[in-house]
Amino acid sequence: MNPLQLKLQRKISESSVRGQTGSCWIWNRQISNSGYGRMAVPTRDGTLTESAHRISYLAFVGPLKQDDVVQQTCGNRLCVNPDHLILADASQHGDAA
Ligand SMILES: [Zn+2]
């Protein structure tokens with residue numbers, strides 16, 4: 001695991017509220033207009049603002065392509081629990097209830 005992933009994991013842990021094992025990790029920092037958590041990530045070129053659940057996927061699960069869509073299986077837009085995150089087929093985006 002690379003150092004950036006560890007750093008992001010720590011940041012996500014600090015920025016979310018966890019209940020019992022298996023429950024949602026609720027983002028408690030910045031929230032976007034669409035209701036998703038937002039997170040500023042330092043990059044070589046400055047700061048990138050990304051959806052918190054996407055960053056969580058990157059940090060805990062693995063690499064993402066720019067057009068990959070990450071969805072919460074629990075349906076909670078503020079959830080950043082990597083166990084609740086799946087890569088969605090872009091063609092199915094929007095169908096998940
Ligand atoms: Zn969840």
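Predicted model: local features only at pLDDT ≥ 70, side-chain atom pairs only at ≥ 80, totals over all residues.
Two residues count as in contact when their C-beta atoms, placed from the backbone, lie within 7 Å. With that in mind, let me turn to Ala52. Leaving out residues up to four places away in sequence, Ala52 touches Trp27, Tyr36, Gly37, Arg38, Met39 and Val80. I shall return to Ala52 after an overview.

The protein has two helices and six strands. Along the sequence they are arranged as α-β-β-β-β-α-β-β. Along the principal axes, the C-alpha atoms fill a box of roughly 35 × 30 × 30 Å. Of the 97 residues, 20% are buried. As for contacts between residues at least 6 apart in sequence, 40% of them join residues at least 24 apart.

The largest nonpolar core contains 13 residues. Ile12, Ala52, Ile55, Leu58, Ala59 and Val80 have the most contacts inside this core. Two elements each supply two or more residues to the core, namely strand S2, residues 25-27, and helix H2, residues 52-60. Which of them gives the largest share of this core? That is H2, with five residues.

The buried residues are Ala52, His53, Ile55, Ser56, Tyr57, Leu58 and Ala59. Ala52, with which I began, is therefore one of the buried residues, having 20 or more other C-beta atoms within 10 Å of its own. What covers the buried part of H2? The cover includes H1, S2, strand S3 at residues 38-43, strand S4 at residues 46-51, S5 and S6.

Next, the pairing of the helices. Two packed helices are described by the angle between their axes and the distance between the axes. Helix H1, residues 3-14, packs against H2 at an angle of about 135°, and the axes are 8 Å apart. Angles over 145 degrees would count as roughly antiparallel and 65 to 115 as roughly perpendicular, so H1 and H2 are oblique to each other. The crossing of H1 past H2 is left-handed. On the H1 side, the contact is made by Gln5, Leu8, Gln9 and Ile12. On the H2 side, Ile55, Ser56, Leu58, Ala59 and Phe60 take part.

Finally, I turn to two threonines. Thr73 lies in the loop between strand S5, residues 69-72, and strand S6, residues 85-88. Thr73 has 13 C-beta neighbours inside 10 Å and therefore counts as partly exposed. Setting aside neighbours within four places in sequence, Thr73 is in contact with His84 and Ile86.

Is Thr43 buried or exposed? Thr43 has 10 C-beta neighbours inside 10 Å, so it counts as exposed. Thr43 and Cys74 are 31 residues apart along the chain, and 30 Å separates their C-alpha atoms.

Terms used. Residues numbered from 1 in each chain as written. Helix = DSSP H or I, 4+ residues; strand = E, 2+ residues; numbered from the N terminus. Buried ≥ 20, exposed ≤ 12 C-beta atoms within 10 Å, placed from the backbone. Core = buried A, V, L, I, M, F, W, Y, C linked by C-beta atoms within 7 Å. Axes fitted to C-alpha atoms, helices over the stretch in contact; angles between N-to-C directions. Parallel < 35°, antiparallel > 145°, perpendicular 65-115°, else oblique. Left-handed = near helix turned anticlockwise from the far one by under 90°.
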